[in-house]
Structure formats: C-alpha cells, structure tokens
Amino acid sequence: MTVILTTQNLTHSFGSAPLFQDLNFSLHAGERVGLIGPNGVGKSTLLKILAGQVVPESGEINLRSGLKVSRLEQEPRFSQEITVGQFISEALQGVTEWQREAKLQEAFAKWLAVGATHFPQGLETKVASLSGGWQRRIALAKAMISEPDLLLLDEPTNHLDVESILWLEDKILKSNFATLVITHDRAFLEKISQRIIELNPAYPEGMLSVNGNYSTYLERYEQVLAEQDRHAQVLRNTLRRETEWLRRGARARSTKQQARIARAEELGEQLANMKQRQKMAAQKVDLDFSLQEKRPDDLLYADKISKAYRGVKLFEDLSLLVKKNTRMGLIGPNGCGKSTLLKVLFGEEKADQGKIRYYKELKYAYFSQHRASLDPQTSVLQTLCPSGDQVIYRGKAMAARAYLKRFLFEHSQLEMPVGKLSGGEQSRLLLAQLMLQECHLLVLDEPTNDLDLATLNILEECLKEYDGAVILVTHDRYFLDQVVESFLAFPPPESTAPKHLIEFASLEQWETWYRQQQKESKKTNSPINEAAKEKPKNKIPGRLGYLEQREYDQMEERIHEAEEKMNAIKSELENPEHASNAKKLLELNEQFEAAQDEVEKLYERWSELEEKRK
C-alpha cells in the first residue's frame with residue numbers, strides 16, 4: 001500500500017502538561033484507521049496537527065506530494081448568518097461558479113439525503129437554525145465534498161441518529177479516501193476499521209497500533225497487559241539481585257562495581273517508569289448508581305399520550321408502563337421526538353392528549369445531552385459544590401476534592417473553568433453530579449457523547465448493576481445492546497402513517513425492520529413510482545389519441561434512458577482527468593445542461609399526457 005503520511009518524533013503539550021511525545025506512525029492510501037485513547041491525551045490535537053491547523057512543538061510530518069486533507073471538527077462552529085450553501089462552499093476553493101453550483105447540488109443529493117431522512121430545507125437555510133443532527137450532517141458534507149485523499153473525523157457519530165450512522169458506515173466503506181477516525185462508538189469501529197491506534201502514555205512508545213478491527217484490538221490489548229506484567233516482574237527480580245550484590249559489598253574491580261551501580265540505577269528508573277505507565281493504564285472512573293432506599297414496583301404509567309410539534313405529530317396513543325426493573329432504549333431519527341417524549345414523561349412539556357400517573361414519591365435523575373446545567377465560567381469544584389467543600393454521597397458527607405478524584409479529575413483541574421474541559425471531561429462532571437442524587441429511575445439522553453472507551457465500559461457495568469429503572473437515548477449501538485432489554489422505535493418523521501411506536505426485543509431485530517423500511521421508501525419515493533401512483537389502474541385510456549397513447553406507453557422507458565445519459569455525463573464531469581482541460585469541461589457542462597433540460601421536458605410531457613388521460 002502507498003504511504004501517504006508519516007510522523008517522526010511528534011511531540012506536543014497543552015500548557016505545561018505533555019499530551020504525547022515522540023509519536024511515530026504512518027497512514028496508507030485508502031486505509032481506514034480508528035484512533036482511540038483516554039480523554040485528555042491529545043487525540044483531537046493530533047488531528048489538528050495532521051491537518052496543518054496546529055504546529056507541533058517538535059517532530060516532523062511528511063505528506064505525499066499533493067495530498068488533499070480534510071477534517072471534521074468535534075464541535076463544528078457556525079456563524080449565526082451563514083447558510084448551508086455558504087458553509088459547504090468554504091471547502092470548494094479554486095473552482096468556477098458553475099462547478100461550485102454543480103458540487104452543491106451533488107452535496108444536497110449525495111450527503112444530505114441520509115437513509116430515509118432527507119434534508120427538509122434548501123441551501124439558503126441558516127445553519128444555526130438547524131438541529132444538532134443536521135448541523136453534523138452538513139459539516140460531514142463539507143468535509144467530504146472536496147473529495148480528499150485523507151479524511152480526519154473527530155467523533156463523527158456525535159448527534160447522529162442510528163440511521164445516519166448506518167449511512168455513514170456505508171459511505172466510508174465504499175469510499176476511496178483514507179480515514180483516521182476518533183470515535184468512542186465501538187460498533188462503528190468494529191464495522192469500518194482496518195487498524196486501531198490507541199494514543200496512551202501508558203505505552204513506552206506513547207501508542208499501540210493493531211492491525212484489524214476493534215475486537216482484534218481488544219485481544220491484542222489483553223496480550224500487551226500480560227506482557228507488561230511479565231516484563232515488570234523480570235525487572236523487579238533483576239533489580240533485587242543487583243541490589244543484593246551491591247549490599248554484600250562484593251570484591252570486584254571498581255570499574256565493574258560502578259557499572260553494576262549504574263545498571264541498578266537504570267533498572268530502578270525503568271521499573272519506576274513502568275509502574276507509572278501501569279498506574280495510568282489502571283486509572284478508572286469510580287461510578288456507583290446503587291440505590292439506598294426501597295423501590296416501588298410501578299414508577300410511571302403513560303395512558304394513550306400524544307404530542308405534536310408545529311402541527312407535526314411526533315407520537316400518538318402511546319401507553320407505557322415503567323416498572324422498577326425497566327431497561328428501555330429509545331431509537332429513531334433525529335427530530336422524531338425522542339427528547340420530546342422524555343420531556344413529556346417527566347413534566348417539562350404537556351401532552352396534547354392522554355394522562356401520566358407517577359408513583360407519589362418518584363425520584364429520578366436526568367442526564368441532558370446538551371450539558372445545559374454546566375456553566376462554562378464556573379470552576380469544576382464550584383460546579384459540584386457551590387458552597388462549602390463537602391458533598392453528600394450515599395447519605396454521608398465526603399470531601400468534594402476526594403469525590404472528584406473518583407472521576408479522574410486532577411488537583412490542578414479543580415479550579416479550572418468548566419468551559420476549558422474536554423467534551424469527555426464535561427460528561428464525567430455531569431455523571432459526578434448525577435451520582436449525588438438518590439433516585440428510582442435514571443433518564444439518560446445521549447450520555448455516551450465524548451466519553452472515552454474505558455469510561456464507557458465502567459458506565460455500562462454500573463448501569464447493569466444499578467437496581468433502579470433506566471430509560472436510555474443513545475446512538476451508541478454497542479452501549480444500547482449492553483444496557484437495555486427492550487427498544488421503542490419511532491417511525492421516520494416524514495411518514496404519513498399514525499405515529500405509533502414499535503417495540504423490538506433486540507437491535508438486530510430493529511435493524512432488519514429498518515433496512516426493509518429503507519427499501520420500501522426508495523421504491524415509493526422514486527420519481528417513476530411517484531408518477532405511477534397517479535395512474536388509474538384497470539381503467540380504459542380517456543382522450544388520448546393513438547399516437548399519444550403510444551407516446552405515453554413509452555414515456556417511462558424514455559425517462560430512464562435520459563436519466564442514465566445525464567448521469568453518465570455527470571460522471572465524466574467529475575473525472576479527475578478532465579480537471580485541467582477547460583475546453584473539455586465547458587463542452588461536458590453544456591451537454592449536462594442539455595441532458596437535464598431533456599429529462600425535465602420528458603417529465604413535463606408525461607404530466608401533460610397524464611392529465612389528458614384523466
């Protein structure tokens with residue numbers, strides 16, 4: 001495989017804190033690499049360095065000549081006034097106006113028609129007015145539209161619904177460009193990765209590279225831990241022998257004794273470094289959602305509730321019983337009403353119809369995906385403990401600093417403003433707040449965003465052991481599959497059928513249903529079928545003459561042929577061989593416009609003949 005990028009002794013720090021040191025690795029053409037590691041080790045910074053947006057403290061990056069690199073930010077920023085078209089166009093430098101328009105139309109059709117959900121507005125829509133899911137898709141369109149050789153993706157599945165993640169997996173698997181992806185989504189890593197790189201100072205080289213997908217990485221990770229333990233034991237035994245020899249004061253030439261002393265010091269340093277790495281590798285968030293008080297059997301009952309938003313039905317006639325051992329996941333496209341349903345169930349919004357009954361002493365804790373409860377200007381310590389220096393945890397007073405240490409917050413971070421924490425660290429702080437609440441029911445709206453894999457594993461185990469009920473919204477399929485026992489799926493927002501939620505016993509069952517829905521949607525929404533819907537069945541043609549009836553009968557085939565011709569010209573337009581041939585591009589563009597006109601005329605004529613038949 002062709003090497004497109006190499007790093008040599010790459011080193012960088014954040015303030016006085018080192019992020020990574022002397023990193024050496026290569027990326028190859030078309031390779032799909034997953035980048036993982038604990039929060040705060042510099043994964044996002046590394047992507048910025050590779051994209052040329054941050055200069056490393058030391059080390060070199062060598063790129064293949066002419067390599068085109070594109071990066072998706074973890075949290076893309078949009079000005080209040082920028083439109084979808086303007087934002088995507090920022091990635092189209094050095095193209096003509098007609099090429100820009102053609103690319104934008106391609107982005108609209110190719111990147112903003114995701115699964116069964118299509119972008120409901122136009123390119124003049126202001127990005128800031130859209131949901132987080134649509135903003136993420138638009139940022140993905142911008143990153144991909146330039147057709148890069150290397151695509152750097154920072155948490156691309158954040159804010160995407162499961163349907164969009166399935167679509168993104170398919171796009172990456174079918175692409176020709178190389179990808180380096182930071183993600184905590186293990187199902188996504190398993191599906192797309194050909195290699196996993198773990199960035200972690202616990203390894204002597206600062207990283208671990210494993211060929212294969214995520215499950216292969218897990219197997220290799222276990223081996224590495226065992227090897228480190230064996231190596232540490234060998235070092236301890238050797239150091240013990242050297243120390244004993246020196247203490248005996250053995251007779252030897254002074255030069256030999258000095259060498260043994262130096263050797264013992266070197267071994268001691270190696271062992272200390274290994275202990276430090278093992279300590280860092282063993283660091284885990286200490287989570288515990290255990291419930292102290294007795295639980296009632298039934299916590300909440302929703303009786304035929306319905307809710308519409310701006311005239312659009314989100315759900316209707318929904319009856320739902322939440323019991324003390326309920327483990328339920330909500331699945332559906334962005335905008336279908338998952339978060340709204342949670343707000344209705346817990347009184348933040350009123351149902352349009354139906355009633356909700358609660359256990360009279362119900363206590364619940366709510367994790368919001370938007371982290372709205374966090375003030376970016378307030379320090380970590382004050383966020384958890386606004387007054388005093390103690391928290392009440394499981395009925396007992398505890399020093400707030402000691403409590404935060406359970407969540408891997410260093411002493412130097414306690415006075416730091418929350419806004420300077422990474423996304424994963426902010427999520428850990430929210431979990432720390434959540435654990436201080438005694439509750440019968442945990443309501444978690446996208447709790448997995450930005451958490452590192454180690455914290456996700458611990459959170460999974462805590463939720464499995466939690467003896468209360470759990471309602472979970474997350475796009476992380478692996479996390480869902482581990483934690484919940486039943487799934488409520490929303491139909492697509494554009495569906496005209498009654499908005500009844502469907503219950504599934506497993507994700508596999510839901511995914512089979514979803515892919516079948518996709519197939520049916522494509523058949524139903526194709527231009528040919530849209531026109532065919534209007535055809536009167538088993539009806540004698542009306543006022544069409546012989547030649548018109550013959551023209552009408554051939555129209556579907558003619559439209560198919562015209563569309564194939566238009567698509568063939570479009571493929572030629574996008575051929576890199578023509579990129580520097582202005583004359584050829586102009587000629588192809590004229591042919592493409594003529595082919596487009598022909599398709600439009602055929603549809604207009606078909607419509608005329610259809611009306612005449614009626």
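Predicted model: local features only at pLDDT ≥ 70, side-chain atom pairs only at ≥ 80, totals over all residues.
The structure holds 18 salt bridges. One of them pairs Glu-31 with Arg-195, with the closest N and O atoms 2.8 Å apart. Because Glu-31 lies in the loop between strand S2 (17-28) and strand S3 (32-36), while Arg-195 belongs to strand S10 (residues 195-199), this pair ties together parts that are 164 residues apart in sequence. Both Glu-31 and Arg-195 are buried.

Another salt bridge is formed by the side chains of Asp-170 and Lys-174, at 3.2 Å from N to O. These two residues are four residues apart in helix H5, and are therefore separated by about one helical turn. Asp-170, with a relative accessibility of 33%, counts as partly exposed, whereas Lys-174, at 64%, counts as exposed.

A salt bridge is also found between the side chains of Arg-401 and Glu-415, where the N to O distance is 3.6 Å. This pair links distant parts of the chain, with Arg-401 placed in helix H11 (residues 400-405) and Glu-415, 14 residues apart from it, in the loop between H11 and helix H12 (423-435). The relative accessibility of Arg-401 is 39%, so that this residue counts as partly exposed, while Glu-415, at 53%, counts as exposed.

Two loop residues may be set side by side. Asn-158 is situated in the loop between strand S8 (150-154) and helix H5 (162-174), and counts as buried because its relative accessibility is 0%. When neighbours within four places in sequence are left aside, Asn-158 is in contact with Arg-136, His-184, Asn-449, Asp-450 and His-475. Gln-93, by contrast, occupies the loop between helix H2 (84-89) and helix H3 (97-110), and with a relative accessibility of 62% Gln-93 counts as exposed. The C-alpha atoms of Gln-93 and Ser-146 are separated by 8.8 Å, although these residues are 53 residues apart along the chain.

Note on methods: Residues numbered from 1 in each chain as written. Heavy atoms only, no water. Buried < 20%, exposed > 50% of the residue type's maximum accessible area, 1.4 Å probe, protein only. Contact = heavy atoms within 4.5 Å. Salt bridge = Lys/Arg side-chain N within 4 Å of Asp/Glu carboxyl O.
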